[in-house]
Amino acid sequence: MKRLSLLLPLLALAAAPARAEDPATSLPDGVYTNAELAVLFRIEDGEASLVKDLSPGRSRETLVIPDRFGSVPVTSVGTIAFADCRNLRSVSFPPSVRRIYARAFSGCSSLTNVVLGPGVKDVGVDAFRDCDAIETFEIGAKLPRFSDDGSGFANSSVPRGARKLRLRLDPANPHFKLVEESLCSADGKTLILNPASVGLAIPDGIKEIDDGAIEELSAKDPRLVVPDGVERIGRDNFMGVKGLREVVLPDSVRRVERRAFSWCPDLESVIIGTGVATIGEACFSDCPKLKTVRIAATNVVVETNAFGWEDDEFQPHAPAVFEIGGKPAEPPAYDCDWGVYDGDDDEDGEEEKRFA
């Protein structure tokens, strides 16, 4: 019979009398240590959660999560529970685990393979942030969505930045679809995530590129032609891509959201089709080599600082060639003060950015 020590919630670090587990009886609410697993558990309302790694120096290499703690089902992994376990290489989730909380495994830089259990229904914000060694990430059958981190990125829970990442999907999952190794909505119309290993390629049939769906920061081909049929390009998608010199957007594109192509250091030419209605703020801003912009549409809203950049002496610049509807037009002014601190204090007494 295993020995468990109950740590009272209000005195979590105080000594407590040992409790012998009775498999036939549910354990009372409280915080428990398990020396064999080197894990701290919290039991609440008849469910157990792993809340803290207790391995010396967070040095564990493997983690096999049990489906029960005593007689209580293990249903979640708590916030930052295993964050910065830098030697952790593998983790297994039992069917009982339904939720992985925010940053639960962030900073696990040696983690290579993750298979979400068949019961996982929610993965919290940045749950696998800075897990750059992950090569395989398998989405289980019941996961309906990823948590939104407040920036609007619905894919914020997927391990981002892992250069060798390959996504896998349980065939029984009805909410997502893998198209040419890209994660898409079940109907194949929304691109949710292109891992860096996929590059800038956009699968056929896509109508919307979700916010932050594109991870790659280096273009293999200097010319990007977005496939016909795409109607919306979400924000922060191609931001900062090096080696990209020309962007061609088809007539089907209606909206290009803010910062979608900003900070592309090599971008020289942008050609936009007849269907565009809105070009978002800072969409093509701070691309210092951008010389030519041709917009075929005649009725288009160009938001603040959609084009232009400032030099090292804070002088504004605009593309030399700027056309709307096939005719030369005045390039929109670049506001060098846009996006800087405005000096106002928010409720917490901190300065806020105008475009935050």
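Biologist: How many bridges join E9 to strand E11?
Modeller: Happy to look at that pairing with you; keep in mind that this is a predicted model. E9 and strand E11 (residues 113–115) run parallel. One of the pairs is Ser92 with its bridge partner Val115 in E11. The number of bridges joining E9 to E11 is three.

Biologist: Which are the edge strands of the open sheet?
Modeller: Five strands make up this open sheet, with parallel pairing, in the order E6-E9-E11-E13-E14. An edge strand here pairs on one side only. The edge strands are therefore strand E6 (62–64) and E14.

Biologist: Is Gly78 buried or exposed?
Modeller: Gly78 lies in the loop between E8 and strand E9 (90–92). Leaving aside neighbours within four places in sequence, Gly78 is in contact with Ser49, Leu50, Tyr101 and Ala104. The cut-off for buried is under 20% relative accessible area. Because Gly78 has 8% relative accessibility, it counts as buried.

Biologist: How many residues has the largest nonpolar core?
Modeller: Good one to check on the structure. Those with the most contacts inside this core are Phe93, Phe105, Leu116, Phe128 and Phe137. Strands that each supply at least two residues include E4 (39–44), E5 (47–53) and E13 (136–139). The largest nonpolar core has 46 residues.

Biologist: And the second, separate core: how many residues are in it?
Modeller: Ile202, Val230, Val270 and Cys287 are among its members. In soluble globular proteins, nonpolar side chains tend to be buried together. The size of this second, separate core is 41 residues.

Methods. Residues are numbered from 1 along each chain as its sequence is written. This is a predicted model: local features need pLDDT of at least 70, side-chain atom pairs count only at pLDDT 80 or more; totals for chains, interfaces and linings use all residues. Side-chain values use heavy atoms; hydrogens and water are left out. A nonpolar core is a set of buried Ala, Val, Leu, Ile, Met, Phe, Trp, Tyr and Cys residues joined through side-chain atoms within 4.5 Å. Buried means under 20% relative accessible area, exposed over 50%, partly exposed in between (1.4 Å probe, protein chains only). Helices (H or I, at least four residues) and strands (E, at least two) are DSSP runs, numbered from the N terminus. Contact means heavy atoms within 4.5 Å. Two strands pair if DSSP finds at least two bridges between them.
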